[in-house]
Amino acid sequence: MTTLKQPGPTQSTLTVLGLETSCDETAASVVRRSADGRVEVLSSIVGTQFEQHAPFGGVVPEIAARAHVEAIDGVVAQAMRAAGLGFADLDGVAATAGPGLVGGVMVGLAFGKAVALARDLPLVAVNHLEGHAVSARLGAEIAYPFLLLLVSGGLCQLLEVAGVGACTRLGTTIDDAAGEAFDKIAKSLGLPYPGGPALEKLATSGDPTQFDLPRALLGRKDCDFSFSGLKTAAARLAEKVTNDTERADLAAAVQFAIARQLSERTDRAMKLYAASHPGQALRFVVAGGVAANGAVKAALRKNCDDNGFSFDAPPLVYCTDNAAMIALAGAERLAAGISDDLDAVARPRWPLDEAAALSHPSNNFGRKGAKA
Ligand code: KG4
């Protein structure tokens, strides 16, 4: 089999093209990482497919895969133009290889392989979650290790991140992700997809004390999450809501309940993390689409104040899916001398901490193994 170029000397500046196609965004970005770890985003283009999926109230995998095929050439060309670079200026290509909707993942990974082969560049097959894990480093210099809350449409996990590719899971959702709860409850309130931002907007005029919603896993000693009870309770209440004031009150109560659970579990994780890192700087990072929510961020900031952690969240544009985080994860791997070959496969399921996922089969475990 043809093999791809291996990473060069690890102590040099690296300019990497990143590709992200794991869900409903076709994204490309060029990121430059200097030898001392400084990061510069030279371009970041995100093409959304909202309009294609909106009539169905959620992402349709087949439509997403086709839309990625149609968009990827143009999005990559735009990213290269905006960076003011040619392919000869690149030191590597990084493409999301999972977890995600596999049709879309295959499009980006195949494109990355083609660029690597044609331009004799090393390829990095990036775990999308590792992209989210490093995303806060796009906006600030955050040293390892740190405690990470990864909270998006498909994920809700607390992880200890010791370095690139070195994550230990402290907790995960046993049913739905927080973003999924936002989206589904928003839908039952008649709000458009994606529901999180719409629900946040509606909640601004609501009173969260007007509805009493269930508080899941209260008193549990672990750091796991559960949102399905809240989702069912809120959907039932949404059916009975009769006017705009009540709708806003219910939205505010839902947002409060989700923020409270994220905050309660994070508090527990912070105490565990602090106990296992005596005398060390305590850093907390929140990443993923739900990190864009103001109430969630405020609750987590309070956790940091209470427990002596620093707080960081990626700039808003890097909270949701983007390719800059994939390019940076790729650059960090290349800097560590790690790359992949043409036999890298697209993976619908790919936990960051495989050992934890396998030892905890109730968590996000599907027919083909743990998702994330
Ligand atoms: O990270 P992301 O773009 O995609 C993945 O799921 O990988 O996250 C999207 C999720 C959606 O569930 C969306 O509703 C949620 O993040 N989200 C928000 C907000 N902005 C995005 N949830 C609550 N409040 C927001 N402002």
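The paragraphs below go through helix packing, the ligand surroundings and some backbone features of this predicted model.

Two packed helices are described by the angle between their axes and the distance between the axes. The crossing of helix 5 over helix 7 is right-handed. On the helix 5 side, the contact involves Lys184, Ile185 and Ser188. Helix 7 contributes Leu230, Lys231, Ala234, Ala235 and Ala238. Sorted by class, the residues of this contact between helix 5 and helix 7 are 5 nonpolar, 1 polar and 2 charged.

Helix 5 also packs against helix 8, which spans residues 244–276. Here the axes come within 11 Å of each other and cross at roughly 170°. Angles over 145 degrees count as roughly antiparallel, so helix 5 is roughly antiparallel to helix 8. Ala178, Ala181, Phe182 and Ile185 of helix 5 touch Val254, Gln255, Ile258 and Leu262 of helix 8. This contact of helix 5 with helix 8 has 7 nonpolar residues, 1 polar residue and no charged residues. Ile185 of helix 5 takes part in the contact with helix 7 and also in the contact with helix 8.

Helix 8 has a further partner in helix 6, residues 195–203. The axes of helix 6 and helix 8 are 8 Å apart, and the packing angle is about 115°. Their crossing is left-handed. From helix 6, the residues in contact are Leu199, Glu200, Leu202 and Ala203. From helix 8, they are Arg247, Ala248, Ala251, Ala252, Val254 and Gln255. By class, the contact of helix 6 with helix 8 divides into 7 nonpolar, 1 polar and 2 charged residues. Val254 and Gln255 of helix 8 meet helix 6, and they belong to the contact with helix 5 as well.

The next topic is the ligand. There are 19 residues around the ligand, and those that come nearest are Gly153, Asp183, Glu200, Gly289 and Asn293. For Gly153, a polar backbone atom is 2.7 Å from an oxygen atom of the ligand. For Gly289, a backbone N or O atom lies 3.0 Å from a ligand oxygen atom. Ser152 places a polar side-chain atom 3.4 Å from an oxygen atom of the ligand.

Some backbone features remain. Most residues other than glycine have a negative phi, and most peptide bonds are trans. The bond from Gly98 to Pro99 is cis, with omega near -10°. Pro99 sits in the loop between strand 4 (92–98) and helix 3 (102–119). Tyr144 and Pro145 are likewise joined by a cis peptide bond, with omega about -5°. Pro145 belongs to the loop between helix 4 (128–134) and strand 6 (146–151). Asp120 is not a glycine, yet its phi is positive, at about 50°. Asp120 lies in the loop between helix 3 and strand 5 (123–127).

Key
Residues numbered from 1 in each chain as written. Predicted model: local features only at pLDDT ≥ 70, side-chain atom pairs only at ≥ 80, totals over all residues. Heavy atoms only, no water. Left-handed = near helix turned anticlockwise from the far one by under 90°. Helix = DSSP H or I, 4+ residues; strand = E, 2+ residues; numbered from the N terminus. Contact = heavy atoms within 4.5 Å. Nonpolar A, V, L, I, M, F, W, Y, C, P; charged D, E, K, R; others polar. Near = heavy atom within 4 Å. Polar contact = N/O pair within 3.5 Å; in protein donor to acceptor, adjacent residues only side chain to side chain. Axes fitted to C-alpha atoms, helices over the stretch in contact; angles between N-to-C directions. Parallel < 35°, antiparallel > 145°, perpendicular 65-115°, else oblique.
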